[in-house]
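Have the model open beside you for this one.

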Amino acid sequence: MNRSKSLAAASATESTSKSISTMARKRSTEWKLIFFLLLSVLAFVSFLPVFASLPSVSSHSHDLHFHLPRHQRDRQHRRPKVDIRKFEIAEDMFWKDGKPFQIIGGDLHYFRVLPEYWEDRLLRAKALGLNTIQTYIPWNLHEPEAGKLVFEGIADLVSFLKLCQKLDLLVMLRAGPYICGEWDLGGFPAWLLSIHPDVRLRSSDPAYLQKVEGWWGVLLPKVAPLLYGNGGPIIMVQIENEFGSYGDDKAYLSHLVKLARGHFGEDIILYTTDGGSRETLEKGTIQGHGVFAAVDFTTGDNPWPIFKLQKEFNSPGKSPPLSSEFYTGWLTHWSEKMARTNADFTAAALEKIMLRNGSVVLYMAHGGTNFGFYNGANTGVDESDYKPDLTSYDYDAPITESGDVENAKFKAIRRVLGKYTSVSLPLVPPNNKKTGYGSIRLKRTAFLFDLLDEIDSAHIVEAENPTAMEYLNQMFGFVLYVSEYAAKTGRSKLVIPKVHDRAQVFISCSRAVNGGQVSYVGTIERWSNQAIDLPNAKCVSNTSLFILVENMGRVNYGPYIFDRKGILSSVYVNGKVLKRWKMISIPFHNLNEVPKFNPVIQIASESHKVSTRKKLKDQSGGPSFYTGHFSIDTTAEVTDTYISLRGWGKGIAFINEFNIGRYWPTSGPQCNLYIPAPILRHGENVLVIFELESPNPKLLVDSVDKPDFTCGPRQASVHQL
């Protein structure tokens, strides 16, 4: 009641005659009672909409909520208005600033897209119908060497997150430290494998946790200002990834939660992602710590029984249905048929979730490219059943590797998502222009063995036994193992019980005999390890043995992620262990690194000095460098392109000193490598290829305007998830 009106009423009462009858006082009291009752009725009627909007306490009514269209649900549910930014979970729903919120997200990894194209890809994701971006953070990209932190260029995480916010996209951040993601070693830096004694990854091993604490001690303060409650776009942060498919070390997971809470506070939603089975959820969830348990499952599965199971692993009222990895496609390994998923099948499976107001994250919305040496690998029945991933991470996603959206899957998914968004979707951007710049003629500029005399002695290690690549302080590329053996009459047998991943074997005599001419004798592959017959080189003294081992990508998933590279066993010739080895590092350079192997730069300029060592006996093959040049007219637009490696064997390619990745058309299915326009420039562009086997006889590479996944196996498989 207003204080001034109360005082005036009191004064008027005092000036009234004290002779008022008792009847008058009684009548006044009756009128006051009637007035009070009238006010009570009016107040009850006015509050009816409020009571109607409160959620029912019965589970049956709650289940009906998921069948309601969004606009009816929003009218039915309202939380008290909040004056601060807040993203929370209550009543088995996500709430953003006091209003129900449905996550319509998609994975888009900043480290698989050049920074110049981040905005382009994010705008396409918005046009698809997404309101949230989910991304991993690969530890190995940001700390390629122990203590060397990188957050620039393609590793500029903070700029990517701010760009998401600028474009009104929320973010679900998958902070690891393990990410999987078909990325080398599941995102762990390979130098963890060089520590003595061995560090047990993904465990409560104190030595491992110390490294994680150091990494997160740098990472988490960088992203904390970008949490939603602090004014940023990050609504949720994932702890580890699919741990229930790996182990059940709850102490480890709890320690990660403690670290995250220490940097982020209690308000941010921490979450786990695990497969939608009871076993994986029991092992991978972190109950009792306020950590939300999300699920992923095969796209063909009925989602709602799995969401019902999900509720058992969340606190009451804290289990909004969320598929944090809804598979729009699938990964492909070398030597496999290209994985494809049907557009209508994918869209229909998505609608089963959306129809009942479930939340979903498309994996992938846009796949991108495994530039450099960062592709991962899988294993089958054992660690020798090794399956490395392609350079392309197209994933058959609705937004293709090059950003194209004019395809059936993009249209089908956008059609579904458009039904369930509260605002009109943005217009769909056209595909980016691509140009075929024609044929590029290459010239052989050096044999690998011609350059051995020029390699810095710092890259050479001598030991009694072969040494793993990581112990040589080399994490990617190649190692040349050199020893010698006493040849016998006839053939000798070479056995390497454990090689990771692919070893090309060469022999030669001393320079005094035949100038040190090197001959190729065979290849030993991890997945089909077989002995090799060594021919009698008829050397006067011992025969030199050269074994060039390629790291084709570390295992990123399953029990065999402790995947060191190089020769990991003794080497036997005629049953005798070879001793006294030289290990020569040939690292080149990886993504986001300054070139390390000087001959690559020298070759690109064709000004290197070739040593006096004679060339390979077979002039048409062997590990060799090839260089070509092509020009883009200054009046023409610089656009994306692809380079076709049809007719070539196996190797890696650099354009303008950027490592665009591996090629292997003889294995397939990938024939072409994607070249984003920002790598190119007006005027002269330089292509350098390190070919391991045999070049195209015409020494040509074609710049074309389309991808091609028809090498090797001839038909694409349809992966019905």
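Here is a short tour of the packing and the backbone.

This is a predicted model, so keep the cut-offs in mind: local features need pLDDT of at least 70, side-chain atom pairs count only at pLDDT 80 or more, and totals for chains, interfaces and linings use all residues. Residues are numbered from 1 along each chain as its sequence is written, and side-chain values use heavy atoms, with hydrogens and water left out.

**Cores**

Let's start inside. A nonpolar core here is a set of buried Ala, Val, Leu, Ile, Met, Phe, Trp, Tyr and Cys residues joined through side-chain atoms within 4.5 Å. Buried means under 20% relative accessible area, exposed over 50%, and partly exposed in between (1.4 Å probe, protein chains only). The largest core has 166 residues, and Trp216, Ile643 and Ile689 have the most contacts inside it. Its largest share, 8 residues, comes from helix 8 (residues 206-223). Helices (H or I, at least four residues) and strands (E, at least two) are DSSP runs, numbered from the N terminus.

What does isoleucine 643 touch? Leaving out residues up to four places away in sequence, its partners include Ala653, Ile655, Ile660, Leu673, Leu687 and Val701. Contact means heavy atoms within 4.5 Å. There is also a second, separate core of 23 residues, with Met469, Leu494, Ile507 and Leu545 among them.

**A helix pair**

Next, look at helix 5 (residues 118-128) and helix 13 (residues 408-418): their axes come within 8 Å and cross at roughly 55°. Axes are lines fitted to C-alpha atoms, for helices over the stretch in contact, and angles run from 0 to 180 degrees between N-to-C directions. Helix 5 brings Arg124, Ala127 and Leu128 to the contact, and helix 13 brings Phe410, Ile413, Arg414 and Leu417.

| Cis peptide bond | Omega |
|---|---|
| glycine 176 and proline 177 | about 10° |
| glycine 668 and proline 669 | about 5° |

Proline 177 sits in the loop between strand 6 (170-174) and helix 8. Leucine 185 is found in the loop between strand 6 and helix 8, and has a positive phi of about 55° although it isn't a glycine. At 0% relative accessibility, leucine 185 counts as buried. Serine 335, another non-glycine with positive phi, near 80°, counts as partly exposed at 45% relative accessibility.
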